[in-house]
Amino acid sequence: MSLSVRPTPFRVVASTAAALAAAALAGCAPADSGSSSSTTSGSAGASASASATATCSKDSLKTLTSGKLTVATDKPVYEPWFVDDKPENGKGFESAVAYAVAQKLGYAQGDVTWTRVPFDAVVQPGPKKFDFDINEVSITDKRKHAVDFSSGYYDVTQAIITTKGSKIANAKTIAELKGAKIGAQVGTTSLDTIKTVIQPSSDPAVYNTNDDAAKALSNGQIDGLVTDLPTAFFITGSGEVKNSTIVGQFANSGGTPEQFGLVLDKGSALTACVTQAVDGLRQDGTLTKLEQQWLAQSAGAPVLT
């Protein structure tokens, strides 16, 4: 879920979808010299290109373990972001993105080592035991004080789910949600959405995990659960919360959309290269292809006004 959105801890339904498609060529994009002389420009451009390649090549990157890329995520992790709680299998959107970034940086799948780190620990200040984390972490100004982010790899939409027949099951507007008891995972942008967008008449219910929040929804302790839209589709479609349904999604209020980013240690020497890799995956269409493969169902929910 968005932790801004943090992943939804739920039992994973086995997926038969194809494994990660091959990503683009390794190495970072060359820099533009910007010189006005064609001869000088060519020379400077080649130099800049060589410099960029050297800086972002596998042999030059200062990773936690030389020659390896250590990638973190939570335990457990769920669809559609990962499959079977096995981030190393390349299945699920975020597992696929992690390996695509690794390939951009020159790392083969066998060079990637996965580690498990709780969401709250990822966004707290202090040294990290990973090179980057991928865990549905929304990029926020507050978090930027504690950690570095890559550029965004996914534009996030928040949504609210409920059970059929509940007091908000037929809600069409945000105003109709204000009298409901609504919950979300601690530290997430889903929780922020409750506080700043819905602004219910009672304090939101806060849970350590989305799994706990989903159980509360199943047990009737809350009327609604806010999470990111792909997770909402998974919860309602997997049967983890029986008779659950998506009430609607919340429109972007304007400006830069909420985005998930890869999390790195504050001041990490890898941040620029990881960002270049993510930007390259967006530019060459890889991110779009992976969204279509793993998140295609996450569309069509009505927008609450």
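Mentor: Not counting residues up to four places away in sequence, Gln-109 touches Glu-88 and Tyr-99. Touching, or contact, means here that heavy atoms lie within 4.5 Å. The model is a predicted one, in which local features need pLDDT of at least 70 and side-chain atom pairs count only at pLDDT 80 or more, while totals for chains, interfaces and linings use all residues. Residues are numbered from 1 along each chain as its sequence is written, and side-chain values use heavy atoms, with hydrogens and water left out.

Trainee: What makes Val-101 count as buried?

Mentor: Its relative accessibility is 0%, so Val-101 falls in the buried class. Val-101 belongs to helix α2. Leaving aside neighbours within four places in sequence, its contacts are Phe-132, Leu-262, Val-274, Ala-277, Val-278 and Leu-281. Val-278 is 177 residues away in sequence, yet the two C-alpha atoms are 6.3 Å apart in space.

Trainee: How many of the contacts in the chain join residues at least 24 apart?

Mentor: Among contacts between residues at least 6 apart in sequence, the share is 74%. The chain has nine helices and eleven strands, and 51% of its 305 residues count as buried.

Trainee: Which residues of helix α9 are buried?

Mentor: In α9 (residues 286–294) they are Thr-286, Leu-287, Leu-290 and Trp-294. Seen down the helix axis, these residues fall within an arc of 95°, so they line one face of α9. The arc is that of the directions from the helix axis to the C-beta atoms. An α-helix has 3.6 residues a turn, so residues three or four places apart point the same way. The face turned away from the buried side of α9 carries the exposed residues Lys-289 and Gln-292. The cover over the buried residues of α9 includes α2 (93–104), β4 (147–155) and α8 (271–283).

Trainee: Why is α7 called mostly covered?

Mentor: Seven of the ten residues of α7 are buried. They are Leu-229, Pro-230, Thr-231, Ala-232, Phe-233, Phe-234 and Ile-235. What covers them includes β4, β5 (158–163), α6 (210–218), β8 (224–228) and β9. Just after α7, Gly-239 takes a positive phi of about 85°.

Trainee: What is the phi of Asn-243?

Mentor: Phi of Asn-243 is near 60°, a positive value in a residue other than glycine. Most residues other than glycine have a negative phi, and most peptide bonds are trans. Asn-243 stands in the loop between α7 (229–238) and β9 (244–250). With a relative accessible area of 56%, Asn-243 is therefore exposed. Asp-84 also has a positive phi, near 65°, and lies in the loop between β1 and α2. At 35% relative accessibility, Asp-84 counts as partly exposed.

Trainee: Which residues lie nearest the centre of the second largest pocket?

Mentor: Of its 14 lining residues, these are Val-123, Thr-140, Lys-142, Arg-143 and Gly-187. The elements giving two or more residues to this lining are α4 (141–144) and α5 (189–198), and α5 gives the most, with four. On a 1 Å grid over the protein atoms alone, a pocket is an open set of points where a 1.4 Å probe fits, with protein on both sides within 12 Å along at least five of seven lines, and lining residues have an atom within 4 Å of a point.

Key:
Buried means under 20% relative accessible area, exposed over 50%, partly exposed in between (1.4 Å probe, protein chains only).
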